[in-house]
Amino acid sequence: MAPCKTRLSAMPSLTDLPRPFRPRTSARAMIAMHSVLDRNALWYGVAVFLQKVPLLYQAFTFAERVVKARLFGCRMCGQCALPATAYACPMSCPKQLRNGPCGGVGTDGSCEVYPGMRCVWLMAWERAADADHIGDLRRLQRPIDQRKWGQSSWVNYWHGDDEGLWTEDDLLSAPPLLQTTHR
Amino acid sequence: VTDSQPDGQPSSVPSRAPSHLREVLERGEFAVTAEIGPPRGASVSAIRRKARLLRDWVDAANITDNQSAVVRLASWAGCLVVLEEGLEPVMQLQCRDRNRIALQSDLLGAAAMKIPNVLMLTGDHPRFGDHPDARGVFDMDSLQLIWTARTMRLQRTLLSGRELKPAPDWFVGAVENPFAPPYEWRAERLGKKVAAGAEFCQTQFIYDVDIFRKFMQRVRDFGFDQRCFVLAGVGPIKSLRGLEFMRSEVPGMYVPDSIVQRLRGVPADRVADEGMQVCSDIIAEVKEIPGVAGVHVMAVSWEEAIPEILERAGLKPRQRTGEPVAQGS
């Protein structure tokens, strides 16, 4: 039940069951950081290069994992939702919900599965409100590709593989219909 | 509420499933649904008995899907039995036990067997059930499942892009819990499900009408009640033990002190009766809230109480315009 330790050896592994994680950085700081890491021709080039050199890709992915495990409790789903969740990781929800909290959140804000921990979606809501990014939570998140566990989500993002991972934040228009397998 | 939202998708909209529940709601009548929990065991006689008990009183009955993560007879099987008894089923389908392959397969099975209504939810975590050692699947969440159903209906394909011949159709339902934080977000969360394709919604048990009223205010502010029928979830508490269980063991349940005092304030042999009265009073109260299209009565292991609860709330036995959907031959 204890929160993840920060030691490398205690990084969440892909087989650990998910549990809520309180992010170690503010949403505002990460939104600012995102503008540096946002997709552009340079990062696209980096992504293509990394994908060509397996050893470099592995080293890069490991570094990404260390950083994101410490900051967000990242479990390496490989298709990062953080920019749309005020940087609270939905994959740390025991049900891995990508579209908001379940109905079991305690009146004190606790997770139904780990009552000592705060619901990660409640944290996302509070962080989004704080950073004036509530609109992000209106986006519909499509089902993830389960084959991408363990991959670098930064490389996938820069490479454009994450396009369509979520919809616009307009709740009143119909979302595009789904087709997931060939992405 | 229209079915054929402009999508830029193929213009021919699939023929709509003949859902009595949808007809009642579209006529603007106050709809009544109830919940039937399937038994633990390989017999459907209990479901038949409950269906006969309820069929004159409700427009449709939900058949739960391994509710509380406890193994029960399959929801689809229960739905077929309810159909045979002349009552329309709502098949509950949750994401805890199935990946996207099985979910789509079960949806096709429901459409083919003339189960006209499906209600999709994420499902309770295995930790709360009788097999806490089971792996929860959670390949998709409830919203993504509703989105998938919409894709199957309107695009006439699976998630893989493969064509469905013929395309299925259902009256698509979702759930929402107005009584769990973050309260300000709950109406919008329902709105996300409506955007994904939900046409009706049944809520968690209402014991605090004030919180529900605020929730409905937000639903109306966004206009979601114009695009989705909201059925208020209610249910009787049978005993003080049941009350304690609900308060402490059931995730996402909120019973305010005023209700607790009402139930504790009567002699032990009158608690069940008072529980029914509380439920009837809440039905009468939520019926007057704008945007509430009906009630959904969940009397867990106490379905016998439902007719009297409805009668006390001033609801009459249902008038059916025609025979319910005939069993597919």
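Tutor: Let us begin with strand pairing: two strands pair if DSSP finds at least two bridges between them. The model shown here is predicted. In chain B, strand S5 (residues 171-176) and S6(B) run parallel and are joined by four bridges. Within that pairing, Gly173(B) has Phe200(B) of S6(B) as its bridge partner.

Student: Which strand pairs with S6(B) over three bridges?

Tutor: That strand is S7 (residues 229-234) of chain B, and the pairing is again in the parallel sense. Here Cys201(B) has Val230(B) in S7(B) as its bridge partner.

Student: Which helices belong to the β-α-β units that include S6(B)?

Tutor: The handedness of such a unit is judged with the strands pointing away from the viewer; a clockwise path from the first strand over the helix to the second is right-handed. Helix H6 (residues 186-196) of chain B lies in the unit made with S5(B) and S6(B), which is right-handed. Helix H7 (residues 209-222) of chain B belongs to the unit of S6(B) and S7(B), also right-handed.

Student: How is the overall form of chain B to be judged?

Tutor: The radius of gyration may be set against a rule for globules. A compact globule of 329 residues would have a value near 20 Å, and the 19 Å of chain B agrees with this. The C-alpha trace of chain B spans about 60 × 45 × 45 Å along its principal axes. Of its 329 residues, 59% count as buried. Among contacts in chain B with a separation of 6 or more, 80% are between residues 24 or more positions apart.

Student: Why is helix H4 of chain A described as largely enclosed?

Tutor: An α-helix has 3.6 residues a turn, so residues three or four places apart point the same way. Helix H4 (residues 120-130) of chain A is largely enclosed by the rest of the structure because eight of its 11 residues are buried. Those buried include Trp121(A), Trp125(A) and Arg127(A).

Student: Against which helix do the buried residues of H4(A) pack?

Tutor: They pack against helix H1 (27-37) of chain A. Just after H4(A), Asp132(A) adopts a positive phi of about 60 degrees.

Note on methods. Residues are numbered from 1 along each chain as its sequence is written. Chains are lettered from A and ligands numbered from 1 in the order in which they are written. This is a predicted model: local features need pLDDT of at least 70, side-chain atom pairs count only at pLDDT 80 or more; totals for chains, interfaces and linings use all residues. Side-chain values use heavy atoms; hydrogens and water are left out. Buried means under 20% relative accessible area, exposed over 50%, partly exposed in between (1.4 Å probe, protein chains only). Helices (H or I, at least four residues) and strands (E, at least two) are DSSP runs, numbered from the N terminus. Contact means heavy atoms within 4.5 Å. The radius of gyration is taken over C-alpha atoms; the globule rule is 2.2 Å times the number of residues to the power 0.38.
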